[in-house]
Amino acid sequence: MKQPLLPVSAVTSALPGASLQKACKFLVVFCSLHLSVTMLYYLSGADSSIFQYFSINQQQQTPTAIYSTYSTPLTTTIAKELPDCPESSPLLRGPVTVNFNVQVNITEDIKANPHVTEGGHYKPSDCKALQKVAIIIPFRNRDSHLKYWLHYMHPILQKQQLDYGVYIINQDGDNTFNRAKLMNIGYAESLKEYDYDCFVFSDVDIVITNDRNLYRCYNQPRHISAAMDKFGFGLPYAQYFGGVSALSKEHFRKINGFPNKYWGWGGEDDDIYNRIVAKGMSISRPDTVTGKCQMIKHNRDEKNDANPKRFDLISKTRESMEKDGINSLSYKVVKTEKFPLYVKITVDVGIPSR
Ligand code: BGN
């Protein structure tokens, strides 16, 4: 009789122990295999959702990493955010030659400014403009001057890297002209279209001859046409604020906008100056080289005779400015026309009250 290797009792008790051991070994091998496969997968940068979740959380703490790892959609959102334009545009060159005796052609100018969009709007494509500027031109029957303004000013304004729009505020009918009221209307109408933060008010017959004379706003209200040829490239008097000026939305609100009661030629610019000073602000200007401007020579317009009431009105600015201004402005828009290089808004400004 063969001797059993183990007592029956031992065999019966050893059998389950052996299979448990086997099962354990199998489990350990399986787990290690699983772990190694997982590790391999992770290290090779596979795009499994769980790893993505963890890495997004890490990446969000360091924004620069987003660019390198994620192509969509985070990169697209961030890449579209343009850098701010520099304080001083690298495109500026200084003096610009202006000659009102040379013919200009609007069709040629439209072609020459392909990046200006309908309604005369432009913004740089490679950087975020520092200011959004509405350029407001009070107007009536001066198309022959407007074509020169558009010809010379559009290229300069683009070089200045501004986000700008050109608004021609055209007085309807042939009653007495009201320059300051048209400028108030330009402020109100341009804000309906875009979130402007700076307003340049310009006569249609003045262009700058130095592209470093910026059509933007400064800490204080800016007098841009500081050295006009008409005044021997200087100021006719120290308080002069006519021609071309720039006020931020804040400046404009502070002075309750411009007076509406100056009908005919003269004094409204002095009233604006008085308002600025009354509110504790001062005038900023370019130097007399940068500030050089040229004005188209012409005769005084019809229905724009010197206003006999102007002397009286400017002596009362401090009292009148709280009631007369943007808070009392009333007018009717007759027509809005969008042209390739400007918007023309024709308005009924009413007639002088007696
Ligand atoms: C001033 C006018 C301004 C005009 C300049 C330059 C007046 C007010 C009464 C003294 N001011 O005399 O409106 O811009 O000349 O032409 O007339």
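Start with His154. Leaving out residues up to four places away in sequence, His154 touches Asn113, Val116, Gly120, Trp149, Tyr164, Val166 and Leu341. Contact here means heavy atoms within 4.5 Å. His154 is found in helix H6, which spans 143-159. Helices are DSSP runs of H or I with at least four residues, strands are runs of E with at least two, and both are numbered from the N terminus. His154 is buried, with a relative accessible area of 0%. Buried means under 20% relative accessible area, exposed means over 50%, and partly exposed is in between, with a 1.4 Å probe and protein chains only.

A word on ground rules. This is a predicted model: local features need pLDDT of at least 70, side-chain atom pairs count only at pLDDT 80 or more, and totals for chains, interfaces and linings use all residues. Residues are numbered from 1 along each chain as its sequence is written, and side-chain values use heavy atoms, with hydrogens and water left out.

Now the whole chain. The protein chain has 11 helices and 11 strands. Of its 354 residues, 43% are buried. Take the contacts with a separation of 6 or more: 81% of them are between residues 24 or more positions apart. The accessible surface is about 20,100 Å², and carbon and sulfur atoms hold 57% of that. Those areas come from the Shrake-Rupley method with a 1.4 Å probe; for residues, only the protein chains shown count as cover.

On to the ligand. Which residues surround the ligand? They are Phe231, Tyr237, Tyr240, Trp265, Gly266, Gly267, Asp269, Asp270, Arg310, Phe311 and Ile314. To be near a molecule or strand, a residue needs a heavy atom within 4 Å of it.

An oxygen atom of the ligand is 2.8 Å from a polar backbone atom of Gly267. Another pair puts a polar side-chain atom of Asp269 at 2.5 Å from an oxygen atom of the ligand. Asp270 has a side-chain N or O atom 2.6 Å from a nitrogen atom of the ligand. A polar contact is a pair of N or O atoms within 3.5 Å; within protein, one must be able to donate a hydrogen and the other to accept it, and residues adjacent in sequence count only if both atoms are side-chain atoms.

How much of the ligand does the protein bury? Taken alone, the ligand exposes 410 Å², and the protein buries 75% of that. The ligand takes up the space of the largest pocket. Two elements give two or more residues to the shell: helix H9 (268-278) and helix H10 (310-314). H10 gives the largest share, 3 residues.

Stay with H9. It is mostly covered, with 8 of its 11 residues buried. Those are Glu268, Asp269, Asp270, Asp271, Ile272, Tyr273, Arg275 and Ile276. Their cover includes H7, H10 and helix H11 (317-320). After H9 comes Gly280, with a positive phi near 75°.

Next, the loop between H9 and strand E9 (292-295), where Thr290 lies. Thr290 counts as buried, at 15% relative accessibility. Beyond its neighbours within four places in sequence, Thr290 is in contact with Asn210, Arg212 and Asn213.

Now Tyr194. Its place is the loop between helix H7 (179-193) and strand E4 (198-202). Tyr194 is partly exposed, at 23% relative accessible area. Not counting residues up to four places away in sequence, Tyr194 touches His121, Lys123, Lys132 and Asp163. With Asp163, the side chains make a polar contact of 2.7 Å. Lys132 is 62 residues away along the chain, yet the two C-alpha atoms are separated by 8.6 Å.

Asn141 is not a glycine, but its phi is positive, about 50°. Asn141 sits in the loop between strand E2 (132-139) and H6. Gln161 is not a glycine either, and its phi is positive at about 55°. Gln161 is in the loop between H6 and strand E3 (163-171). Buried or exposed? Asn141 is exposed, with a relative accessible area of 67%. Gln161 counts as buried, at 8%.

Technical notes
On a 1 Å grid over the protein atoms alone, a cavity is a set of points where a 1.4 Å probe fits but cannot get out, and a pocket is an open set with protein on both sides within 12 Å along at least five of seven lines; lining residues have an atom within 4 Å of a point. A molecule sits in a cavity or pocket if more than half of its atoms lie within 2 Å of its grid points.
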